[in-house]
Amino acid sequence: MATPIKRIEKDFLLKALYDEKIPMMYLHNRSEYILISEKPTKTEMFLKADRPIQGLKPRTRMELIFDHHGQVVTFSVTVTIVKDDHIIVEAPEFLYKNLVRSFSRVTTPPDLSIQFSFCGDRYSLSFPKIQEYEQYEVNSMLENLDPKNLGGLIDQIASWIKNYADNYKLVIFKDVKPNSAEERVVAESGKTLFIPTTQGTFLQADPYPKKRIITEDMFKRYLESTGVNTAYLDDAVKRFLSNKLDKQIYSDAWVPILFQEYVIGYIHLWINASGRPPFDFSLIDTLYQFTKVLAYSLKINGYFDAGLIKDKAFEGKVIDISASGLLFAFPHSSLSSSLLVDSELSLKLVTSKRTINANAKIVRRYKDTSMGYFGCRFLDIMPEDMRFLFEFIYGKPFATEGDLGRTT
């Protein structure tokens, strides 16, 4: 994963660019330019290119890359002044190392147009919404479950839960809005509230690579959002657990039911018998899979059909592109709010010589006051299309991954 460089190292590297006259590479309109730093960097960088850069204008975003003793570093800057081969840019806010992208990004060629559309069905629903997109991989459980039989599926889930819990409840946020503290924190986070024993504490860490659990810190942040003073957070957590004990709840789990970016409900199960084994992570894992199958069952039984969005192509402003992905911008809207990390898009890349159809996954997103920005990774470009795209955007014969990351 690309790692932001800390301030001290950043200042050292910017100084080294000037002191050691380290070459920086810039790819633009299928041409490779080499730049050096002419003055020490303060609030601006003064750069000299090996030749004038055709079409470079103020406010252009440049992505530069250089090699410092075998470590590839990249950063983005905004042009303020261009005069022949002399360029003044704003000093970079961040430098990055440990790059994960396979090829260098370049400004999108002017004769390339790109159309986007969502892969598969997308929905606009009135359920609580989170900033993550839930993918569906339910095949491993379908051998023993029939998602077309919604009533039978719910009965199977209930029968399985009775082996581990004294009571359970399945709630869908259709006519009922999140009300209790547990419902609200699950609906707002899209994560599981898991308390193995109410005589202990909240979980301090989430063991899952893709985080699923509401830790104590997360719960405290939720309490703060409701107006609890930071000085009383520890007491509030203790009271929360103590209230469960008073109700003879000894182990407790609230698992959200996720559909795309929506929290459509939850499964709540708990233990009242003091001698019964508490819940563990294997139970949470199975419940998580059950909720995936349940959401899938609701979908194929038409539960979400009223909110189905017609698949309509849209054009984002492509900021830059590489042979392995692209970055595009789209104005804030209901559509951009659905462009979430892990969402998959269908792309049509149109040139005068070839049209390339491919899928891409959104791997990062950020925003400013007016636009959302979405970094995508190509998923399945045909080899001959990859070769064409490489030669089209870089203006050179196809190279192996990583070749464009070298400046020496």
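Trainee: Happy to start with the rings: how many aromatic pairs does the structure hold?
Mentor: A pair of aromatic rings is described by the distance of the centres and the angle of the planes. Counted over this predicted model, the number of aromatic pairs is 26.

Trainee: Is the pair formed by Phe 219 and Tyr 222 stacked, edge-to-face or tilted?
Mentor: The two ring centres are 6.0 Å apart, and the planes make an angle of 35 degrees. Stacked needs under 30 degrees and edge-to-face needs over 60. The pair is therefore tilted.

Trainee: And by about how much of a helix are Phe 219 and Tyr 222 separated?
Mentor: Both residues belong to helix α4, which covers residues 216-225. Because they are three residues apart in that helix, their separation is about one helical turn.

Trainee: Which residues have the most contacts inside the largest nonpolar core?
Mentor: In soluble globular proteins, nonpolar side chains tend to be buried together. The largest nonpolar core here has 55 residues. Phe 219 touches Val 185, Phe 202, Ile 214, Val 237 and Phe 240, leaving out residues up to four places away in sequence. The residues with the most contacts inside the core are Phe 219, Ile 264 and Leu 269.

Trainee: Which element gives the most to this core?
Mentor: The elements that give two or more residues to the core include α2 (150-161), α5 (233-246), β15 (262-271) and α6 (281-300). With eight residues, the one that gives the most is α6.

Trainee: Are α2 and α6 roughly parallel or roughly antiparallel to each other?
Mentor: Their axes lie 10 Å apart, at an angle of about 170 degrees. Among the residues making the contact are Leu 153, Ile 157 and Trp 160 of α2, with Leu 287, Phe 290 and Leu 294 of α6. Since angles over 145 degrees count that way, the two helices are therefore roughly antiparallel.

Trainee: Over the face of which residue does Arg 212 lie?
Mentor: Two such placements are worth a look. Lys 39 lies over Phe 46, at 4.4 Å from the ring centre. For Arg 212 the distance from the ring centre is 3.8 Å, and the ring is that of Tyr 288.

Trainee: Does Ser 117 count as buried or exposed?
Mentor: Ser 117 has its place in strand β10, residues 113-118. Beyond its neighbours within four places in sequence, Ser 117 is in contact with residues including Asp 311, Phe 314 and Leu 345. Its relative accessibility is 14%, and the cut-off is under 20%, so Ser 117 counts as buried.

Trainee: What is the phi of Lys 21, and what is that of Gln 248?
Mentor: Most residues other than glycine have a negative phi. Lys 21 is found in the loop between α1 and β2, while Gln 248 lies in the loop between α5 and β14. Lys 21 is partly exposed at 37% relative accessibility, and Gln 248 is partly exposed at 48%. Neither is a glycine, yet phi is positive: about 50 degrees for Lys 21 and about 60 degrees for Gln 248.

Note on methods:
Residues numbered from 1 in each chain as written. Predicted model: local features only at pLDDT ≥ 70, side-chain atom pairs only at ≥ 80, totals over all residues. Heavy atoms only, no water. Phe/Tyr/Trp six-rings, centres within 6.5 Å; stacked < 30°, edge-to-face > 60°. Helix = DSSP H or I, 4+ residues; strand = E, 2+ residues; numbered from the N terminus. Lys NZ or Arg CZ within 6 Å of the ring centre and 35° of its normal. Core = buried A, V, L, I, M, F, W, Y, C linked by side-chain atoms within 4.5 Å. Buried < 20%, exposed > 50% of the residue type's maximum accessible area, 1.4 Å probe, protein only. Contact = heavy atoms within 4.5 Å. Axes fitted to C-alpha atoms, helices over the stretch in contact; angles between N-to-C directions. Parallel < 35°, antiparallel > 145°, perpendicular 65-115°, else oblique.
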